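Dear colleague,

Please find below the structure that I am handing over to you. My notes on it follow directly after.

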Amino acid sequence: MTNTDTDSKTPDLKEQSIAILAANDRGDYTVPAHGLYPHQWLWDSCFIAIGMRHYDIERAQTEIISLLRGQWSNGMLPNMILTYSRASRHKPEMWRSQVSPFAPDNVPTSGITQPPMIAEAVVKIGEKLPMNERRKWYQKVYPAILAYHQWMYNERDPHNEGLVLQIHPWETGLDNTPPWMHELHQHMLPFWIRAIDYLKLDGLFTVLRRDRKYALPGERLSTIDGLCLYSIQRRLRRKAYNIDTILTHSILTIEDLSFNSILIRANSCLKSIAKTIDKDLPEELVDSMKKTKNALEQLWDAYTGQYYSRNFTTHKLIKIPTIATLLPLYAGSVTEERAEHIVKMLKNQRTYATKYPVPTVPANSEWFKQTMYWQGPTWVNMNWLLIEGLKRYGYNEEAENLREKTLKLVETKGFNEYFSPLDGKPAGVANFSWTAALTIDLLEQ
Ligand code: GLC
C-alpha cells in the first residue's frame, strides 16, 4: 500500500470499524456479533479492547474489567459470560456453572476457559497511558490476572511439566481445528454419535441448529462435529468442571500448541505488569513460566520440522499442521533459527502463502476447506498474532506485507468473521467485532 492509498482509505476503514464496535456494544462489554453471539467471550473482549484503546481508552478498560466479573474463585476466567437470550444456543442452563463451588454466585458463565490474551490486552492498554495512570491501571487488574495464571498452572499442569492442557476444543478458540477433531474422531466419539453418523441421521439434528440461520452449511462445523463438542461439554458439566474428576474419566485432553504459545507471551506481559508496579511474582509461578518456555521445544518434531499439539494422555504429538504451527513466533521464545524456519513456511505458496493469507490450515492439507470455520479460512486475529510475532523477530517487511494484505482484505471484502484464503470470499457472520477492532489496531501501527 502506498502512502497515498493509506491516507485516502485510513479514515474510512477506521470509522467503519468504530461503528461496528458501537453497534455490538452492550454497555460494559461488546458482543462478538449481533445475533449468533449474544454473550461476552474472553479472547474476543481482549482483541476488542486492543482496538478500542486507540479511540476510547476508558471503554477499553471497561471491556477488560467486565471480563473479571466472571472470574471463578479458583482463578479461572471463563470463555463466556452468559447473557440470557431466548435465541441463544449457549443458555445458562446448558452450562449450569453453579454446579462448581468456584463459580461466581450471580454471574452465569461457561465452565471452561479460552486462550490467555488478557495480559497482552492489559499491557497494550497500558502503553497508551502516562506512567502514573498506567501503574494505577496495572494495580487494579494485577491480582485477577495473577490468579488466572496461577490457576492455569495449578489446575492445568498437573505433572508440573510447563505445558498447560485444555479440556475442550472451545478452550483453544479454534473450535474445529483438525488436531482436536482428529483425536475426537479416532478415540472419543460416543456410541450414540457414531450411530447417528452410521445411520446418516445427522440431518434431523441439523434442523435444530441456530448457526445455520447466520452462515452457510459449508462455513460451520458439520453436525456430527457439533454434536461431538456438545457431548464433551455435557460430560464436563456432569463432572462439575472438577479437573481431578475430568482427568480420571478419559475426557480428551490436549496440550494445545496455540494456547501454550499465547501463554508464553502472556507470561512475559504479566512479568512486565508486575515489574512496573514493583511486585514480585510468586516463585512457584516464575518456575512454571520458565518451564513452559523450555517445554515448548518438546512440541517440535525434527522429522517434519514443525511444532505440533500433544495429546496429554498418550504424550504423542498430533502431527497435523495448522496455523498453530506458526504461533511459536508470537510466543517469542523460540530461537532465531526456528523463527526463520517458520517464516519460510509462511512464505510457501503451497501451504500458507495463499492469495489472501493466512489460511488456518495449509492449502495443500487434506483437511483444507476454504470456508469451513477453523479448517482453512483466514481469520484476522490469527494474522494479527503473526504480525506481532514477525515484528518481534525483526521480520519487518514480512509483517508489513501481511498487515497490508489483511487491511486490504477487510477493506474490499468486509468485516466478516473469516474469509476464503483463496479468493477472499467473506464467510461466517458479518460485522464481527474482533475483525473491526484489530483493523483499527493494524491501521494505527
Ligand atoms: C467461535 C470462535 C471463538 C470465538 C467465539 C465468539 O466460537 O471459534 O474463537 O471466541 O466464536 O466469537
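Arg 310 counts as buried because its relative accessibility is 5%; buried means under 20% relative accessible area, exposed over 50%, and partly exposed in between, with a 1.4 Å probe and protein chains only. Please note that this is a predicted model, in which local features need pLDDT of at least 70 and side-chain atom pairs count only at pLDDT 80 or more, while totals for chains, interfaces and linings use all residues. Residues are numbered from 1 along each chain as its sequence is written, and side-chain values use heavy atoms, with hydrogens and water left out.

Arg 310 belongs to strand 6. Helices (H or I, at least four residues) and strands (E, at least two) are DSSP runs, numbered from the N terminus. The side chain of Arg 310 is joined to that of His 315 by a polar contact of 3.4 Å. Such a contact is a pair of N or O atoms within 3.5 Å; within protein, one must be able to donate a hydrogen and the other to accept it, and residues adjacent in sequence count only if both atoms are side-chain atoms.

Across from Arg 310 in strand 6 stands Glu 255. Strand 6 (residues 309–311) and strand 3 pair in the antiparallel sense over two bridges; two strands pair if DSSP finds at least two bridges between them. The sheet is open, with three strands in the order 3-6-7 and antiparallel pairing. Its edge strands are strand 3 (254–255) and strand 7 (317–318), each of which pairs on one side only. Strands of a sheet pair through backbone hydrogen bonds, either parallel or antiparallel.

Helix 2 (residues 42–52) is mostly covered, with eleven of its eleven residues buried.

**Cysteines**

How many disulfides does the structure hold? The number is zero, a disulfide being a pair of cysteine sulfur atoms within 2.5 Å. Cys 269 is in no disulfide, and the nearest cysteine sulfur, that of Cys 46, is 11 Å away. Cys 269 counts as buried because its relative accessibility is 3%. Cys 228 likewise counts as buried, at 2% relative accessibility.

**Backbone features in loops**

Most residues other than glycine have a negative phi, and most peptide bonds are trans. Ala 240, although not a glycine, has a positive phi of about 55 degrees. Ala 240 is placed in the loop between helix 10 (223–238) and helix 11 (243–247), and it counts as partly exposed because its relative accessibility is 23%. Asp 278 also has a positive phi, near 55 degrees, and lies in the loop between helix 12 (257–276) and helix 13 (283–295). At 69% relative accessibility, Asp 278 counts as exposed.

A cis peptide bond, with omega of about 5 degrees, joins Pro 357 and Val 358. Val 358 lies in the loop between helix 15 (336–346) and helix 16 (380–392).

**Two further positions**

Leu 227 sits in helix 10 and counts as buried at 13% relative accessibility. The C-alpha atoms of Leu 227 and Leu 189, 38 residues apart along the chain, are separated by 9.6 Å. Pro 78 is in the loop between helix 3 (57–68) and strand 2 (80–81), and counts as buried at 4% relative accessibility.

With kind regards
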